[in-house]
There are 2 protein chains.
Amino acid sequence: MSADPSQMPPAAKLRADARHNRTRILAAAREVFAARGLDVPMAAIARRAGVGVATLYRRFPTRTVLITEVFTDQLTGCVSVVDTALGEPDPWRGFCVAVETVCRMQMADRGFTGAFLTAFPEAVDFERARGNAERGLRELIRRAQAAGRLRADFTMADLMLLFMANGGVAAELADQPATAATAASRRLVAAMLTAWRTERAASADPLPPAPPLTLHHI
Amino acid sequence: MSADPSQMPPAAKLRADARHNRTRILAAAREVFAARGLDVPMAAIARRAGVGVATLYRRFPTRTVLITEVFTDQLTGCVSVVDTALGEPDPWRGFCVAVETVCRMQMADRGFTGAFLTAFPEAVDFERARGNAERGLRELIRRAQAAGRLRADFTMADLMLLFMANGGVAAELADQPATAATAASRRLVAAMLTAWRTERAASADPLPPAPPLTLHHI
């Protein structure tokens, strides 16, 4: 893989160049998405990768292909967080650990929120990974509610609401030290978990109805 | 004011044109900031207003001047919300009404968040209005805590955190019907108020420390 391309026969050199471009584009896209979200122009990604826009489109014919290749790995990481949480004997603790960990991953990578909150119907691997993450989160919710620890009126939409809220904190604090953004996110997540637990639910008013959230389609 | 400029002497016509341009630019800026936040290029505002970029810069020499002129009005509205809340006999209700109303204003206008969370040291009127809003909010916090209704570890940073979180919801749901975005925001705000009230505080863990939030400086 690391052979000197100038020593290769022409066809092998071409393949090595292509592979190299692909790696550079994915690395650049990951950086640019993390810093600026998913709305950046494709030209900005090509520039960061040091390739032409035509090369970028030859490797990744649509923005969706690029986004989903970049984020499938991270979503797989998210699935493994949820799987670990499902192995936790205390259902409330399992739920909290999953929520806290996913929100921490989100702070480290701003693009992740958009990817998680956007539907890519044609990206099969990505949607499979997202489906797995979502099913796992729903099971964590079901168990924590069955144990009487999570409010009965909590829904998956509340989790999506927290991811959006946490993304807002990440965006607003993007130019501050990572420690400030992390502390802000931790406090937000802790407040939401406090609101959602049942220990105090007896005296509390019900939350207003869950919003009819649907995914963006691009 | 509404006289036909073509009937005016040249100097008066010039002043009427200037006034007209100024009004159009402010209206366009308000729309563009509301839809896309404060980061839009000045050229996009000039385009929307139907004036040249040179005209825009002649009227508003810096982005700060434009932003603060657009938002001073809204901040004044925010001050009056806080003043009304300070007149509420129940300190917890006063606090809740102020938080809910400001978050509703924020959903109606995405640019508002950025304006509220950004320092403009050279914009005297704007900073005076913001100072008044902030002093009023601090007084609402003090009273609700003195009445034992708001957690003792609640700080102004928690309010800023909510504004950032609410801004994230507004941004993420910008292309959905306003009713969906409003319902999402209401549920987020209600959850945060539930977390912050003291009725259940006895059994709750303390929140992690307030993040060291500072304002952006542009």
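**Helix packing in a predicted model**

Me: At what angle do helix α5 and helix α8 of chain B pack, and how far apart are their axes?
Reply: Happy to start there, bearing in mind that this is a predicted model. Helix α5 covers residues 91-108 of chain B and helix α8 covers residues 156-172 of chain B. Their crossing is right-handed. The two pack at an angle of about 35°, with their axes 9 Å apart.

Me: How many residues in the contact of α5(B) with α8(B) are nonpolar, polar and charged?
Reply: From α5(B) come Cys103(B), Gln106(B) and Met107(B). They meet Leu162(B), Phe163(B), Asn166(B), Gly167(B) and Ala170(B) in α8(B). Sorted by type, the contact holds five nonpolar, three polar and no charged residues.

Me: Which helices do the buried residues of α7(B) pack against?
Reply: Buried residues in α7(B) include Phe126(B), Ala129(B), Arg130(B) and Leu140(B). Gly136(B) and Ile141(B) are also among them. The partners of the buried residues, within chain B, are α4 (63-86), α5 and α8.

Me: What span should helix α7 of chain B have, and how far apart are its end C-alpha atoms?
Reply: Helix α7 runs over residues 124-146, which is 23 residues. At 1.5 Å a residue, helix α7 should therefore span 33 Å. That agrees with the model, where the end C-alpha atoms are 32 Å apart.

Me: How many of the 17 residues of α8(A) are buried?
Reply: Helix α8 of chain A takes in residues 156-172. This helix is largely enclosed by the rest of the structure, because the buried residues number 14 of the 17.

Notes. Residues numbered from 1 in each chain as written. Chains lettered and ligands numbered in written order. Predicted model: local features only at pLDDT ≥ 70, side-chain atom pairs only at ≥ 80, totals over all residues. Helix = DSSP H or I, 4+ residues; strand = E, 2+ residues; numbered from the N terminus. Expected span 1.5 Å × (residues − 1). Buried ≥ 20, exposed ≤ 12 C-beta atoms within 10 Å, placed from the backbone. Axes fitted to C-alpha atoms, helices over the stretch in contact; angles between N-to-C directions. Left-handed = near helix turned anticlockwise from the far one by under 90°. Contact = placed C-beta atoms within 7 Å. Nonpolar A, V, L, I, M, F, W, Y, C, P; charged D, E, K, R; others polar.
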